[in-house]
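Look at the fold below before reading on. Keep the sequence at hand, and follow the chain from its start.

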Amino acid sequence: MAFEVPFCNTFPVYDPKYRSLFVSINGSLLVESDDPKQNVPGSSQTISIASNLAKIATAETVMKFGSIGYKDITARYAELVNNIVSALKTGGFTVVGASIDPVTPDDSSMKRIQKQDEVEKMTSDPAAMAARMKAAQPSFAVAPAAAPVSGPAPVVAPAAAPVSGPAPAAAPAQPQLMKFCIRCGTLASGTKFCTNCGSSLIRKS
């Protein structure tokens with residue numbers, strides 16, 4: 001008698017483009033127990049054993065892929081399923097059907113992927129970068145000029161005689177800041193250090 005075994009595993013993957021990610025692989029297997037007395041079909045204990053075997057086989061298979069784009073793992077599902085089938089066979093199960101969802105990065109990995117894609121798109125499209133920088137600049141409202149007040153003309157005091165003395169010291173020049181972090185590509189927010197990786201944003205002369 002065949003029964004369903006759902007499984008889900010989240011593990012690290014080194015993506016050549018996005019570097020270290022955590023991805024999840026979810027699936028459902030239709031299996032039969034080779035020894036119904038030992039692995040009772042459909043029991044919670046039997047499903048747990050089969051699910052754990054599938055999770056281990058999934059992680060081990062993807063680790064053998066080495067450095068691989070997370071989107072490319074889905075194209076190698078045939079190899080993944082074969083290894084799952086072999087792993088369950090050693091545990092006393094026969095897989096008669098399998099359904100596996102596409103690889104999904106976890107929330108923190110997906111945010112980093114989207115941020116990196118956005119930076120790359122901006123650097124490859126000067127118009128989009130200019131629009132982003134213009135939108136980030138603060139706008140100042142100009143106050144309307146005050147209406148003149150009628151009345152007697154003000155008395156103008158004579159100009160004070162200039163006081164001789166040493167000229168005031170010139171204000172120190174403000175450092176030139178970079179628009180983007182040269183280390184991680186994050187858009188600068190006007191501070192002297194990158195808000196993402198902490199690198200200095202002061203342009204060196």
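Which residues does S51 touch, not counting residues up to four places away in sequence? They are V5, P6 and F7. Touching here means contact, with heavy atoms within 4.5 Å. Before going further, a word on the model and its numbering. This is a predicted model, in which local features need pLDDT of at least 70, side-chain atom pairs count only at pLDDT 80 or more, and totals for chains, interfaces and linings use all residues. Residues are numbered from 1 along each chain as its sequence is written, and side-chain values use heavy atoms, with hydrogens and water left out.

Stay with S51. Its place is in helix α1. S51 is buried, with a relative accessible area of 12%. Buried means under 20% relative accessible area (1.4 Å probe, protein chains only). A polar atom of the S51 side chain lies 3.0 Å from the backbone oxygen of P6. The C-alpha atoms of S51 and C8 are separated by 8.1 Å, although these residues are 43 residues apart along the chain.

Now step back to the whole chain. The protein has four helices and four strands. Helices (H or I, at least four residues) and strands (E, at least two) are DSSP runs, numbered from the N terminus. From that end on, the elements run β-β-α-α-β-β-α-α. Of the 205 residues, 28% count as buried. The accessible surface comes to about 14,000 Å². Carbon and sulfur atoms hold 59% of that surface. These areas come from the Shrake-Rupley method with a 1.4 Å probe; for residues, only the protein chains shown count as cover. Contacts also reach along the chain: among those between residues at least 6 apart in sequence, 64% join residues at least 24 apart.

Return to α1, which covers residues 44-65. This helix has 22 residues and reaches 32 Å from its first C-alpha to its last, close to the 32 Å expected at 1.5 Å a residue. The expected span is 1.5 Å times one less than the number of residues. Besides S51, the buried residues of α1 include T46, A50, A54 and F65. Their cover includes β1 (2-15), β2 (19-33), α2 (77-90) and β3 (93-100). After α1 comes G66, whose phi is positive, near 75°.

What does the largest nonpolar core hold? It has 30 residues, and those with the most contacts inside it are I25, L29, V31, I73, I84 and L88. The elements that give two or more residues to this core are β1, β2, α1, α2 and β3. The largest share, six residues, comes from α1. A nonpolar core is a set of buried Ala, Val, Leu, Ile, Met, Phe, Trp, Tyr and Cys residues joined through side-chain atoms within 4.5 Å. Take L88 as a case. Leaving out residues up to four places away in sequence, L88 touches L29, V31, A50, L53, A54, F93 and V95.

The S24 side chain makes a polar contact with the side chain of T10 (2.6 Å). A polar contact is a pair of N or O atoms within 3.5 Å; within protein, one must be able to donate a hydrogen and the other to accept it, and residues adjacent in sequence count only if both atoms are side-chain atoms. Beyond its neighbours within four places in sequence, S24 is in contact with N9, T10, P102, V103 and T104.

Definitions and conventions
Buried means under 20% relative accessible area, exposed over 50%, partly exposed in between (1.4 Å probe, protein chains only).
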